[in-house]
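Dear colleague,

I am handing over the structure below, and my notes on it follow. Please read them alongside the coordinates and tell me where you would read something otherwise.

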Amino acid sequence: MWARVSDRGRWALVVLAAAIALLALDAWWIATYRHGFPLDIDEAGYMSFAFNDYLGLKLNGLHGWWDTIQGTPVQAPLTTALASLVLVVKQGTLAGFVVLAGFLVVLTMAVYGIAERLAGPRLGALAAIIVATSEGAFLQVHHFVFALPAAALLACAVYALLRSEGMRWTRWALACGVAIGLMLLARTMTAAFVPGIVAGALVALLTRPREDWLPGALNIAVATVAAFAVAATWYWRNLDSVVDYLTSYGYGSKSANYGASHSIVSWEWWHSVATRIASADLLIPLTAIVLAGLVAVAVEAVGQIRGARDRAGTALRIIGSDAFSVAIVFAAGYLALSTSRNTGSGFTFPIAILLPPIAVIALRLHKRAVVPVIAALAIVAAINVLANSSLSETMARERSVDVPLLGTMPWISGVPRAVKAIRVQVPGPETRFDDQDRGWPRADVAFSRYVFEELSTAIETPVVAFGTRSRAFNTNTVQLGAQTAFHRIIPVEQLESDRGNGPHAYVARLTHPQFGRRPGVVLTMSSNEGDFPPTVDQESVEIAARRLGFHLVRTMGLPDGRRLRIWFKKDPDSL
């Protein structure tokens, strides 16, 4: 039976087995180190969307599920919609991680497909395992955000592009378009990667014989229609809000909170994306090996052109190659990400995974390097697995090294993103949550219970205005607590910084109706040290609340020792 399987198929099974083994490790890690512990603000927000979709399905069937998905603007719906289906089988916040685990397998197999096209089955398997054991893969499968689905679907789109043979085959052109549409549904910022795929398709087509141009152009049209048709299932109703969000948070005033602005003529502008790839997606050891491979491939390409009798023809052959198409997608994505100051969470991961498939071509060109390079890669993979398994806090702790031109960069790290985000404000172990951290989800539920049982009426739940921007107790975590424990929603809003205007600004904000009503509950804390910037002036919030007739009705202890202050006004819409 095994002898009948092609070499390509055998190595695909090896890669699949490796992906399943990593999947088992990740499932154990998530069940051990994320279950019952807090989600960071982004994770909580996304899981809240998943519970909204689930409740729509539970209360109103498929029609309600679809309407709920359509009614969630700004954030791409694919991952949370899939998580809502997992919730039908098993309740809990781990549902989102189940979806991520599935996308890890998709990513690994898609990378194998790309690399197999470029360097053959054996080296293709090597590239796939490199990606699956990379720092970025561990970070993203352990963190419920959309970077992993985006990377998996970009890899699928690139693989289909290569299989289309310069848009020669309609079925693969159609598959490429569908993958692009799904990628856009997985994360809105992936619009930055679409021009690269289009450019790669056009270059591959134009380097083919002229008789292939018309059929190829028609197949590009097929791919375009497919991408639009799939993406339009959600963007048709939400495009305006997505454009506003991307322009504001990517290039507008909001982007200032997520990264620094650099001039296009500055070194910082050009290396900012490279820094993120090296520091989070690959880490320095793997970056160095991959970079060496890329340089070797580039040198070989230049050497072939210089040594050829027909230099133009050789250059055209290289430009029309699969490797060059992948390089185009990477380069276009790199430039697109460089234009925004918003560094995001995992924005660079989808293009970072395209580098190992190109780099392993060098091993086909320089066979003497195969054994030492594979040995080095095995050591890197083993370190990444051990560091991200959290079995040893010493191994997981982040260690850095000074890199010329790039500055201080981590060469080993197993610190989960959620832990790192919350540890900015909440004391505790550097590499994991501890038993005290279990109190944060319980605090979300306890507060939600108090709102529902003590501050709500039979027909109305008050709007809750947060005068704090805590990393562990915030609008998203409270909303998620209400949904998971009570299958109900608390209308919440976040008060912004008053920018020096004092209580007057908050009086105006609290008297401005939200959800058709004014806030009836205001929350402050005993300290806002470590809050998300720009921090809210809580003293001014409390002065404004008193002026409007709010009364301090309860204080709650939080796991880090702070006190949550709950201010309530029974009839906030009264003058």
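At what angle do helix α4 and helix α13 pack, and how far apart are their axes? In this predicted model, in which local features need pLDDT of at least 70 and side-chain atom pairs count only at pLDDT 80 or more, totals for chains, interfaces and linings use all residues. Residues are numbered from 1 along each chain as its sequence is written, and side-chain values use heavy atoms, with hydrogens and water left out.

To answer the question, α4 (residues 95-119) and α13 (residues 322-338) pack at about 135°, and their axes are 9 Å apart. That angle makes α4 oblique to α13, given that angles under 35 degrees count as roughly parallel, over 145 as roughly antiparallel, 65 to 115 as roughly perpendicular and the rest as oblique. Helices here are DSSP runs (H or I, at least four residues), numbered from the N terminus, and axes are lines fitted to C-alpha atoms over the stretch in contact, with angles running from 0 to 180 degrees between N-to-C directions. From α4, Ile 114, Arg 117 and Leu 118 meet Asp 322, Ala 323 and Val 326 of α13, contact meaning heavy atoms within 4.5 Å. The residues of this contact of α4 with α13 divide into four nonpolar, no polar and two charged, where Ala, Val, Leu, Ile, Met, Phe, Trp, Tyr, Cys and Pro count as nonpolar, Asp, Glu, Lys and Arg as charged, and the others, Gly among them, as polar.

Helix α4 also packs with helix α1 (residues 7-33), their axes coming within 10 Å and crossing at roughly 155°, and the two helices are therefore roughly antiparallel to each other. The contact of α1 with α4 divides into 13 nonpolar residues, one polar and three charged.

Thr 108, in α4, is buried with a relative accessible area of 2%, buried meaning under 20%, exposed over 50% and partly exposed in between (1.4 Å probe, protein chains only). Leaving aside neighbours within four places in sequence, Thr 108 is in contact with Val 15, Ala 19, Ala 128 and Ala 132.

Beyond its neighbours within four places in sequence, Ile 351 is in contact with residues including Leu 154, Phe 193, Phe 330 and Leu 337.

Two further residues may be worth a look. Ala 204 lies in helix α9 (residues 194-206) and is buried, at a relative accessible area of 10%; leaving aside neighbours within four places in sequence, Ala 204 is in contact with Gly 166 and Ser 325. Lys 420, in helix α19 (residues 417-423), counts as partly exposed at 47% relative accessibility, and touches Glu 398 and Val 415, not counting residues up to four places away in sequence.
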